[in-house]
Structure formats: C-alpha cells, structure tokens
Amino acid sequence: MSSFTRLERKNAGLQRHELITAAVEVGAIFTIFIIAFTGRSAFGDGVRQLLIVLSVIAGSLGAVAGMWVLLRAIQFQASRVPRLALGSFMTFIGIYTVVHVL
C-alpha cells in the first residue's frame, strides 16, 4: 500500500479537530455576543472595548481556521463537500463577526 493511499484513508471524513475548531469558534463568538447583549447597560466603556477586541480576535482566528479547512478540502478529495461546507461556514461567520463588530 502506498503512502498516498494511507494518507487518503487517514483524511477520509471530517477530522475531529476540524469539528472541534468549528464548535469552539461558534461557542466563543456566541458567548461574547450573549455577554455583550445582556450587559449592554451595565458595563462601562472599558468592558465594551474588551468585548470588541475579543470579538475581533475570535472572528479573525475563526476565519483563518475556516480557510485552513477549505485548503484541506482542496488538497484531499475524500470528504471534499463536507469540508467545503464547514470551511465556508467558519470563514463566513468569522469575517461577518469582524465586519459586524467594527
């Protein structure tokens, strides 16, 4: 069995770390927005600025991770469609978060 065949078999299907990365991105952005919306009137300017910075960081890292998943979808033929969907979702959510916050 060639090393290429082993590599293709190893990368068949979405990998656990790809799914965990997407869940962490969505969870971080969701948590930051919930904190920002519920404490809108209670927080001072310093906390608001911190939440903006955290949103931009989470969105940027999520967009980069989404592009990484898209790159893996291009590299590996196995499970291309799920990786394209997941990577596109992650990239869109990350970019949307950064644009929305700024």
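Which residues lie nearest the centre of the largest pocket? Before I answer, please keep in mind that this is a predicted model, in which local features need pLDDT of at least 70 and side-chain atom pairs count only at pLDDT 80 or more, while totals for chains, interfaces and linings use all residues. Residues are numbered from 1 along each chain as its sequence is written, and side-chain values use heavy atoms, with hydrogens and water left out.

The lining has 13 residues, and those nearest the centre are Phe33, Ala36, Phe37, Leu51 and Ile52. By a pocket I mean an open set of points, on a 1 Å grid over the protein atoms alone, where a 1.4 Å probe fits, with protein on both sides within 12 Å along at least five of seven lines; lining residues have an atom within 4 Å of a point. The space in this largest pocket comes to about 280 Å³, a volume being the space filled by probe spheres set on the points.

At least two lining residues come from each of α2 (16–38), α3 (45–75) and α4 (80–101), where helices are DSSP runs (H or I, at least four residues) numbered from the N terminus.

Let me turn to the loop between α3 and α4, where we find both Gln77 and Ser79. Gln77 counts as exposed because its relative accessibility is 62%, whereas Ser79, at 18%, is buried; exposed means over 50% relative accessible area and buried under 20%, with a 1.4 Å probe and protein chains only. Ser79 also has a positive phi, near 60°, although the residue is not glycine.
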